[in-house]
Amino acid sequence: TPMPFPYVQMLNTYLLLFVYSIPFATVHRFKWATPVVSALIAIPLFGINAIGVEVENPFGNDVNDFNLPMVENAIYTETQVLLQFRDPLPSATLRSSRVGQEGAVDPPTDGAKPPLSKEQGAQATSNPPAEEEEEEEESEKGGGVTTRLRRMLMWFC
């Protein structure tokens with residue numbers, strides 16, 4: 001958050017007074033090395049002040065600012081992956097919610113299927129397809145990102 005102007009003004013004034021008074025305090029001890037010692041003290045203090053000015057407003061268009069569209073897309077994608085485990089939806093529904101938005105990213109397709117009807121569900125439990133058997137074997141081995149995410153979600157719930 002931006003700092004109040006009077007605070008920043010006083011901070012800079014006291015910083016300059018401190019830095020310009022260092023040589024007078026150190027000249028008796030360091031003699032000819034006083035300029036070097038003063039510089040070694042002053043440079044980090046001015047650097048910390050510059051870092052504070054840079055961190056004051058991190059949401060802009062400077063080189064050191066956050067890339068908010070990238071962060072937003074990453075959060076959106078990860079949220080959609082987690083929501084697909086909880087409420088599997090057809091992937092077309094997820095894509096259509098952000099069509100036309102700049103920087104929109106399609107959610108990852110990791111094999112999540114739309115919910116089955118009662119008839120399809122009964123049929124699926126009686127005759128599991130080969131894909132589900134392979135997925136069960138993979139989960140027994142402990143591999144796959146989706147398997148690890150499911151375990152993590154089950155642990156939290």
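1. H1 supplies the largest share of the lining of the second largest pocket, four residues. A pocket here is an open set of points on a 1 Å grid over the protein atoms alone, with protein on both sides within 12 Å along at least five of seven lines, and lining residues have an atom within 4 Å of a point. Helices are DSSP runs of H or I with at least four residues, numbered from the N terminus.

2. This is a predicted model, in which local features need pLDDT of at least 70 and side-chain atom pairs count only at pLDDT 80 or more, while totals for chains, interfaces and linings use all residues. Residues are numbered from 1 along each chain as its sequence is written, and side-chain values use heavy atoms, with hydrogens and water left out.

3. The lining of the second largest pocket includes Thr1, Met3, Tyr7, Leu11, Asn49 and Glu56; the elements that give two or more residues to this lining are H1 and helix H2 (34-55). By class, the lining residues divide into five nonpolar, four polar and one charged.

4. Met3, placed in the segment before helix H1 (5-30), is partly exposed, with a relative accessible area of 38%, where partly exposed lies between buried (under 20%) and exposed (over 50%), using a 1.4 Å probe and protein chains only.

5. Lys31 lies in the loop between H1 and H2, and its phi is near 50 degrees, a positive value in a residue other than glycine. Lys31 is exposed, with a relative accessible area of 56%.

Notes: On a 1 Å grid over the protein atoms alone, a cavity is a set of points where a 1.4 Å probe fits but cannot get out, and a pocket is an open set with protein on both sides within 12 Å along at least five of seven lines; lining residues have an atom within 4 Å of a point. Ala, Val, Leu, Ile, Met, Phe, Trp, Tyr, Cys and Pro count as nonpolar, Asp, Glu, Lys and Arg as charged, and the others, Gly among them, as polar.
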